[in-house]
Amino acid sequence: TEVSFFLKSTMQLYNSLIAQGTLSYVDALKVGCVIEEIDILDLQNTLVGIDNQDIIVVYNNLTLGSRNHLRSFVKALTLVGITYVPQYLSPEAYLAIVSTPIERGN
């Protein structure tokens, strides 16, 4: 079924990211970036069609947190001389996030 395929592919991605992230400090930061990119897109996609304001507020705050985490991981990579290239976000969406300061929640 579609659900079991989704869960299997999600577990494969998770296992792959865990393996990659344990290789080094830099790899762990890169994996952190990838996870935050995926989280941002998942949260944005989940919001499509939602009209419950409480859910919208929660998802917007979770997205804000993921953007802040992405900024932090990218900054840490920059401090060790690594330029991160987005894997899932468009270059424009990525740049819009990392070129702006840390956000504060409501």
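Modeller: Helix α1 covers residues 2-21 and includes Ile18. Bear in mind that this is a predicted model.

Biologist: Is Ile18 buried, partly exposed or exposed?

Modeller: Ile18 has a relative accessible area of 45%. Buried means under 20%, and exposed means over 50%. Ile18 is therefore partly exposed.

Biologist: Which residues make the nonpolar surface patch of about 310 Å²?

Modeller: Ile18, in α1, is one of them.

Biologist: Which element gives the most to the largest nonpolar core?

Modeller: This core has 15 residues, and Cys33, Leu70 and Leu89 are among those with the most contacts inside it. Two or more residues come from each of α2 (25-47), α3 (53-79) and α4 (91-98). With 6 residues, the top contributor is α2.

Biologist: What does Leu89 contact, leaving aside neighbours within four places in sequence?

Modeller: Leu89 is among the residues with the most contacts inside the core. Its partners are Glu37, Ile40, Leu41, Leu70, Tyr94 and Ile97.

Biologist: How many residues apart in sequence are the parts that Arg67 and Glu103 tie together?

Modeller: Their side chains meet in a salt bridge at 2.6 Å, N to O. Arg67 lies in helix α3 and Glu103 in the segment after α4, so the parts tied together are 36 residues apart.

Biologist: Which residues do salt bridges with shared partners join into one network?

Modeller: The structure holds 2 salt bridges. Arg71 and Glu103 form one of them, at 3.0 Å, N to O. Arg71 counts as buried, at 8% relative accessibility. The network consists of Arg67, Arg71 and Glu103.

Notes:
Residues are numbered from 1 along each chain as its sequence is written. This is a predicted model: local features need pLDDT of at least 70, side-chain atom pairs count only at pLDDT 80 or more; totals for chains, interfaces and linings use all residues. Side-chain values use heavy atoms; hydrogens and water are left out. A nonpolar core is a set of buried Ala, Val, Leu, Ile, Met, Phe, Trp, Tyr and Cys residues joined through side-chain atoms within 4.5 Å. Buried means under 20% relative accessible area, exposed over 50%, partly exposed in between (1.4 Å probe, protein chains only). Helices (H or I, at least four residues) and strands (E, at least two) are DSSP runs, numbered from the N terminus. Contact means heavy atoms within 4.5 Å. Patches are made of residues with over 30% relative accessible area and no salt bridge: like charges are joined within 9 Å, nonpolar side chains (Val, Leu, Ile, Met, Phe, Trp, Tyr) within 5 Å. Accessible areas come from the Shrake-Rupley method with a 1.4 Å probe; for residues, only the protein chains shown count as cover. A salt bridge is a side-chain nitrogen of Lys or Arg within 4 Å of a carboxyl oxygen of Asp or Glu.
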